[in-house]
Structure formats: C-alpha cells, structure tokens
Amino acid sequence: MSLTVGLKGRAETVVVYENTAAAVGSGLVPVFATPYMLALMENAAVNALTPHLAEGEGSVGTHLDVSHDAATPIGMKVWAECELIEVNGRALTFTVTAYDEAGVIGKGTHKRAVINVEKFLAKVGQKKAHETDVH
C-alpha cells in the first residue's frame with residue numbers, strides 16, 4: 001500500500017430514470033437521487049485507491065458527511081471528484097465534490113478503511129453464521 005495525501009479520483013455517469021429519487025424511493029421527483037450521488041462519491045475514492053493497493057487489499061466506506069445542494073435533471077452528466085487529505089494507518093479521509101454540467105451539486109468528506117479482502121470476507125461470513133441466533 002502506497003497511499004499519499006493528494007491522491008485524486010473521479011467517477012461519472014449520466015442521470016437516467018433508474019438513478020432518480022423517484023425511482024429509488026428517496027423522493028418523489030425525477031432528479032438525480034442523493035443515494036446515487038453518495039455512491040458516485042464513493043466510486044471516485046475507490047477509483048483513486050485501487051491502483052495503489054497491494055494484492056489482496058481493498059477498501060470499504062466507513063463514513064460520509066456530505067450535502068446535496070442542487071438537483072440534476074434526467075439527461076445531464078454528473079461526476080464526482082475526490083482528494084485524499086489524510087492517511088492514518090489504514091484509515092483514509094477524502095474531500096468529495098459532485099458536479100453536473102451547471103456546477104457543484106454536493107460536497108463533503110468521505111472516510112474509507114483499507115482492508116485485507118480475505119480476512120474481511122471471513123469475518124462477514126462468521127456474522128452470517130450467527131444470523132439464526134438473532135431471530
């Protein structure tokens with residue numbers, strides 16, 4: 001793992017009915033849904049990290065603190081950009097900003113953790129094994 005402050009990433013998509021608030025139930029109007037904006041921001045961070053992680057490593061999102069400030073209609077391109085601003089061991093903090101063709105639509109911070117994928121999935125599998133104990 002060779003992660004340094006200043007690392008940048010980007011992800012983009014086009015607003016279609018399927019990623020609108022009306023389609024996903026996060027609102028009633030056909031505009032870019034907040035959950036999809038958050039996913040786009042996370043995807044930008046994943047895109048920044050992936051080439052720099054060691055074999056067998058991945059990352060998981062642990063926290064998002066963002067605002068969604070402007071609506072984007074169907075047909076417009078949207079994208080998210082991120083910059084790594086803090087590395088604390090395996091804990092990473094990014095600034096994230098989402099845009100459409102008219103300007104900024106959202107911004108904030110996003111935290112991720114670098115994981116060993118095999119160990120992470122084993123731990124998740126143990127949780128699944130205890131699923132019947134909870135019900």
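**View 1. Aspartate 69 and its salt-bridge partner.** Aspartate 69 is partly exposed, with a relative accessible area of 46%; buried here means under 20% relative accessible area, exposed over 50%, and partly exposed in between (1.4 Å probe, protein chains only). Its side chain and that of lysine 107 meet in a salt bridge (3.5 Å, N to O), a term used for a side-chain nitrogen of Lys or Arg within 4 Å of a carboxyl oxygen of Asp or Glu. This pair links distant parts of the chain, with lysine 107 in strand β5 and aspartate 69 in the loop between β2 and β3, 38 residues apart. Lysine 107 is partly exposed too, at 46%. Helices (H or I, at least four residues) and strands (E, at least two) are DSSP runs, numbered from the N terminus. This is a predicted model: local features need pLDDT of at least 70, side-chain atom pairs count only at pLDDT 80 or more, and totals for chains, interfaces and linings use all residues. Residues are numbered from 1 along each chain as its sequence is written, and side-chain values use heavy atoms, with hydrogens and water left out.

**View 2. Strand β5 and its neighbours.** β5 (residues 103-116) runs antiparallel to β2 (residues 57-68), and eleven bridges join the two; strands count as paired if DSSP finds at least two bridges between them. Look for aspartate 65, whose bridge partner in β5 is threonine 109. β4 (residues 91-100) is also antiparallel to β5, with ten bridges, and a hairpin takes the chain from β4 to β5 through two residues. Here alanine 98 has glycine 106 as its bridge partner in β5.

**View 3. Arginine 112, tucked away in β5.** Arginine 112 sits in strand β5 and is buried, at a relative accessible area of 5%. Its side chain makes a polar contact with the side chain of glutamate 42 (3.0 Å); that takes a pair of N or O atoms within 3.5 Å, where within protein one must be able to donate a hydrogen and the other to accept it, and residues adjacent in sequence count only if both atoms are side-chain atoms. Leaving out residues up to four places away in sequence, arginine 112 touches a set including Ala45, Leu49, Val60 and Phe94 (contact means heavy atoms within 4.5 Å).

**View 4. Glutamate 57 and arginine 90.** These side chains meet in a salt bridge (3.4 Å, N to O). Glutamate 57 lies in strand β2 and arginine 90 in the loop between β3 and β4, 33 residues apart. Glutamate 57 counts as buried at 18% relative accessibility, whereas arginine 90 is partly exposed at 43%.
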